[in-house]
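Subject: Structure for you to look at

Dear colleague,

Here is the structure I said I would pass on. My notes follow below it.

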Amino acid sequence: MAVVYLMLRPRAVYLKDYAGFRTTHTCRIPFASFLEHAKQLPDLNERSIRFMTRLLERSGLGEETCLPPTHHYIGTHKYCTIDAARAEFELVTFSAIDDVLAKTGVAPEAIDILIVNCSLFCPSPSLVDMIINKYKLRSDIRSMHLSGMGCSAGLISVGLARNLLQVAPEGAHALVISTETITPNYYLGTERAMLLPNCLFRVGGAAALLSTSSKKARFRLKHVVRTLTGAQDSAYRCVFQEEDEKGHRGINLSIDLMNIAGDALKSNITAMGPLVLPVKEQLMFAFSFVARKVVGWRVKAYIPNFRTAFEHFCIHAGGRAVIDQLQKSFGLSDEQVEASRMTLHRFGNTSSSSLWYELAYIEAKGRMRKGDRVWMIGFGSGFKCNGAAWECINPARNADGPWATSITRYPVDIPYVLKH
C-alpha cells in the first residue's frame, strides 16, 4: 500500500524563479499627460474628462505608472495597430523571459511546457508561437494560450502548468507568461463604466518557471483553488467586453462588481480554508456554518483568521476598492496589504501579472523568510476568484527585479484624494 501511495500521489511542483517586466521611465504617464492625451480624442467631452480626473485622483495610482509607446502619441487611437500591439507584447514578454532564464540558468531548449495568458489580444500566429519563434523552442513543446479569462488568469495558468507537469517527465520545466496587451484596447467612447479600464490598467507582465525538480527552487506550490460563478447572469456580465452605442469597443465594469467579487471570494475561501487553516479555525467556521444553515440561528458568518495560515498576502491590485474590501474582510494589517497598495501605486493594474509584482515587493523589502507561506488571490471576468498557496524555500538575496530602482522610496503615503 505504501508503494502504491508513493506511485500515485501527485508530484510536488516548485517555482524555480520569476521575473517582472521592468518598466522604463520613457513609458511613464503622469496624470497630466494622460488627461492631455484624452482631451485629443474626438468623442471625449469635458464631462468625461472631469470624471476621469476624479477617478484618477481616487484610484490609488501614482505618477510613475506606464503605458505602451503608442499611448504616448497625440491621437492615440490612430496608432493602436496590430503591429504596435505585437511590439508591446514582445517588449514586455521577451524582457521578462530573458530575466527569468538568466536567473535560473535554464536554457530555452530545456523548456517542456509553455503557457501564455493574455485576455484581450489574440493574434494569429498565436502569442505562444511568437515566443517559440523568438527562442527557437523545441518542436515537441506543449504550448497553450489562455485568452479572455481576465485578471485571475495568471493563477489558472499556474494550475494548468501544475497539472501538465504531473504527466511530463520528472524534472520537466513549465514556463508561464502572464500579461495584458494594452495597445489595442483603448476605449474611445464616453460611457463611464467603460472609461474605468482606461484609467486603471497599465503595461506590465511576468514570467515564472515551474518544475517538478526541487533543485535550486525558491517556492513550493501547495494549493491552487479556482472558483467560477459564471452560471449566474449577473456574474457572467459584470466584466463584459462590448460596444457602446457609437460602436466603440471596451470593457464594461458593472456597478455590482464588488458584491459579485465578494460572493466569489466567499466560495473560494470555503474551499481553501480546509486545506490551510489550523484545526481551531476550521471548527469555528464549521460551527458558524451549521448554526446558520442547519439550525437556523441568526448569527453572523464567521470569517476564518487566515493570518494563522499565511505570513504574506498578495491581493490582486485591481483597484483601491478591491484592496480595501479584502483588508476589512480578513482583518489584515496595513503592512499585510502594503505590497498590493504599493504595486497599484507604482505600476497600476497590470492585470494577471500584478500578483508577481506584489511578491517581488515583499522580497525586495527583505520580509520573506524560509518557511513563510504566501496566499495569492486573483479576480477576473467570468466571474472568477482564484487562489494559490506557496511556501518559501529560498528567499531572494537582493532587491533585483521590477522594484530595483524604486524600492527604497516605498512605502509611500497614499491620500484618499491625490492632488496633482
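Two strands count as paired if DSSP finds at least two bridges between them. With that in hand, Ile115 stands opposite Val176 of strand E4. The strands concerned are E2 (residues 111-117) and E4 (residues 173-179), which are joined in the parallel sense by 6 bridges. Please keep in mind that this is a predicted model.

The sheet

E2 and E4 belong to an open sheet of 9 strands with mixed pairing, in the order E3-E2-E4-E5-E1-E6-E11-E10-E9. The edges are strand E3 (142-146) and strand E9 (312-315); each has a single partner strand, so one side of each is left without a neighbour in the sheet. On average, and with direction ignored, neighbouring strands are turned by 25° against each other. Helix H9 (residues 257-276) packs on this sheet, where it touches E6, strand E10 (373-380) and strand E11 (384-392). The direction of H9 makes about 140° with that of E6.

Strand E1

Strand E1 (residues 13-20) is mostly covered, with 8 of its 8 residues buried. Its pairing with strand E5 (residues 205-211) is antiparallel and runs over 6 bridges; here Leu15 stands opposite Leu210. E1 is also antiparallel to strand E6 (residues 219-228), to which 3 bridges join it. In that pairing, Tyr14 has Arg220 as its bridge partner.

Ala19 lies in E1. Its relative accessibility is 2%, and the limit for buried is under 20%, so Ala19 counts as buried. Leaving aside neighbours within four places in sequence, Ala19 is in contact with Ala96, Asp99, Val100, Lys103, Gly205, Ala206 and Ala207. Its C-alpha is 9.1 Å from that of Leu101, a residue 82 places away in sequence.

Loops and backbone

Thr181 is in the loop between E4 and helix H7 (192-200). Thr181 is buried, at a relative accessible area of 1%. Not counting residues up to four places away in sequence, Thr181 touches Ala85, Glu88, Phe89, Cys118 and Phe121.

Most residues other than glycine have a negative phi, and most peptide bonds are trans.

- The bond from Ser124 to Pro125 is cis, with omega near 0°. Pro125 is found in the loop between E2 and helix H5 (127-135).
- The bond from Gly382 to Phe383 is cis too, with omega near 5°. Phe383 is in the loop between E10 and E11.
- Lys216 has a positive phi, near 60°. Lys216 sits in the loop between E5 and E6, and counts as exposed at 68% relative accessibility.
- Ser351 has a positive phi, near 60°. Ser351 sits in the loop between helix H12 (338-347) and helix H13 (354-364), and is buried, with a relative accessible area of 2%.

Surface

Which residues make the nonpolar surface patch of about 690 Å²? They are Phe287, Phe289, Val290, Val294, Val295, Trp297 and Val299. Of these, Val295 lies in helix H10 (residues 279-295). At a relative accessible area of 46%, Val295 is partly exposed.

Regards

Terms used
Residues numbered from 1 in each chain as written. Predicted model: local features only at pLDDT ≥ 70, side-chain atom pairs only at ≥ 80, totals over all residues. Heavy atoms only, no water. Buried < 20%, exposed > 50% of the residue type's maximum accessible area, 1.4 Å probe, protein only. Helix = DSSP H or I, 4+ residues; strand = E, 2+ residues; numbered from the N terminus. Patch = residues over 30% accessible without salt bridge, like charges linked within 9 Å, V, L, I, M, F, W, Y side chains within 5 Å. Areas by Shrake-Rupley, 256 points an atom, 1.4 Å probe, with all protein chains shown as cover. Salt bridge = Lys/Arg side-chain N within 4 Å of Asp/Glu carboxyl O. Axes fitted to C-alpha atoms, helices over the stretch in contact; angles between N-to-C directions. Contact = heavy atoms within 4.5 Å.
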